[in-house]
Structure formats: structure tokens, C-alpha cells
Amino acid sequence: MAYFQEEFAAAAISSDYETERGKPMPSKNHAIIQGNLHFNLRKKYEGKYSFLPEIKLNLPIKDRVPDLAIYPPMDYVRGADEIRMKQPPLGVIEILSPQQNVTELMQKRGEYFLAGVKSHWIVVPDLDTIYVFYSPDDYDVYFKKDVVHDKALGIEIALADIFK
């Protein structure tokens, strides 16, 4: 009995990752989708945008760490680093983790738009679906065989390249 109590207590404690980023630990499928998004977006839009994975954003309400933040082109500059990005990104991409609920991502949506983000993607792996928000109430939905068209940023990507 004591063993199960210890396991339950350990599961209830957030990991350092979760505490630092304010979101659940990602899973294998989450990591695959994040990698596919980053690779394909960078391959197609390098020079137009920089795609920063897991970067901390200094937002007006609360610091957030999206799965990908989309910025104007940035160069690596030795000795000039930032731990928290003060400039809000043009767009953010959030991938729903197995231990996360959609309500949590919907709450972040308002915070992102308040900070000046132009588009917010919510990726739902188990449904092979992506929601692209342009404001808290204006969004498009894309399914597995679709091509995402982010009207605010002029980004297009086939969902077949993401969910594979």
C-alpha cells in the first residue's frame, strides 16, 4: 500500500520541466509533431521567418512557453542572448499534450492576442486537426488531408507533412 501512495504522490508533483514552462511534459507523438512542424516550416520559410521551439515569452499577464514561436527573421549573435523574449512573436503554435486539456490552451489564446500575436495554432494530435486563430473568436479548422492556410502570416503547410 505504501508503494502505491508514494507513486501517486510522485505523479502529483510537477516535474521541473512542467514547473518551468507552465505546461505538461510532452509525449512521443507531441515531439514527433513538433519536429515535423519545425522542420517543414523552416525548410519552406527560412529567410521569411524564424521558428523558435520552446522559447519563453515575456507576456503581459504571464510568461508562456509555446511549442513554436514564429518571429521575423533572426540571426544567431554570439554574446547577445535572451532568456525571455520581450518582443512578442508574430505567431505561436501549441500542441495539445495527452495530459493537457483544450481549456488550458484556449486560456493562453487570449493572452497571446493581448500581447500582439497575429495567429495562434492549436494542434490536436489525436484528431489530426489544427485550429488557426486570428483573434479569440475568429478561426479556421484544418483536417488531416487539408493544407493549413495561415492568412495572417501567409504560411501554408500540408497536414500530411505534420501528422506522419
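A salt bridge here is a side-chain nitrogen of Lys or Arg within 4 Å of a carboxyl oxygen of Asp or Glu. Asp63 and Arg84 meet this rule, with N to O at 2.3 Å. The model is predicted. By the rule above, the count comes to six salt bridges.

**Salt bridge Asp63–Arg84**

- The side chains of Asp63 and Arg84 pair at 2.3 Å, N to O.
- The two residues sit in distant parts of the chain, 21 residues apart.
- Asp63 is in the loop between strand 2 (56-57) and strand 3 (68-71), while Arg84 is in strand 4 (residues 84-85).
- Asp63 has a relative accessible area of 22%, so the residue counts as partly exposed.
- Arg84 is also partly exposed, because its relative accessibility is 43%.

**Salt bridge Arg64–Glu111**

- Arg64 bonds to Glu111 in a salt bridge, and their closest N and O atoms are 2.8 Å apart.
- Arg64 belongs to the loop between strand 2 and strand 3, and Glu111 to helix 4 (residues 102-115), so the pair ties together parts 47 residues apart in sequence.
- Are these two residues buried or exposed? Both Arg64 and Glu111 are buried.
- Buried here means under 20% relative accessible area.

**Salt bridge Arg42–Glu46**

- Arg42 and Glu46 join through their side chains at 3.3 Å, N to O.
- Glu46 is exposed, because its relative accessibility is 55% and the cut-off for exposed is over 50%.
- Arg42 has a relative accessible area of 44%, so this residue is partly exposed.

**Largest pocket**

- The largest pocket has a volume of about 320 Å³.
- Its lining includes Leu52, Ile55, Met74, Tyr76, Val77 and Met85.
- Asp75, Asp81 and Glu82 are also among the lining residues.
- Gly79, Ala80 and Gln87 line the largest pocket as well.
- By class, this lining has seven nonpolar, two polar and three charged residues.

**Second largest pocket**

- The second largest pocket holds about 210 Å³ of space.
- Strand 1 gives the most, with three residues.
- The lining of the second largest pocket divides into six nonpolar, three polar and three charged residues.

**Backbone angles to check**

- Most residues other than glycine have a negative phi.
- Glu54 has a positive phi of about 55°, although Glu54 is not a glycine.
- Glu54 is in the loop between strand 1 and strand 2.
- At 22% relative accessibility, Glu54 is therefore partly exposed.
- Asp128, not a glycine either, has a positive phi of about 50°.
- Where does Asp128 lie? Asp128 is in the loop between strand 6 (119-124) and strand 7 (129-135).

Note on methods
Residues are numbered from 1 along each chain as its sequence is written. This is a predicted model: local features need pLDDT of at least 70, side-chain atom pairs count only at pLDDT 80 or more; totals for chains, interfaces and linings use all residues. Side-chain values use heavy atoms; hydrogens and water are left out. Buried means under 20% relative accessible area, exposed over 50%, partly exposed in between (1.4 Å probe, protein chains only). Helices (H or I, at least four residues) and strands (E, at least two) are DSSP runs, numbered from the N terminus. On a 1 Å grid over the protein atoms alone, a cavity is a set of points where a 1.4 Å probe fits but cannot get out, and a pocket is an open set with protein on both sides within 12 Å along at least five of seven lines; lining residues have an atom within 4 Å of a point. Grid points are joined across faces, edges and corners, and a volume is the space filled by probe spheres set on the points. Ala, Val, Leu, Ile, Met, Phe, Trp, Tyr, Cys and Pro count as nonpolar, Asp, Glu, Lys and Arg as charged, and the others, Gly among them, as polar.
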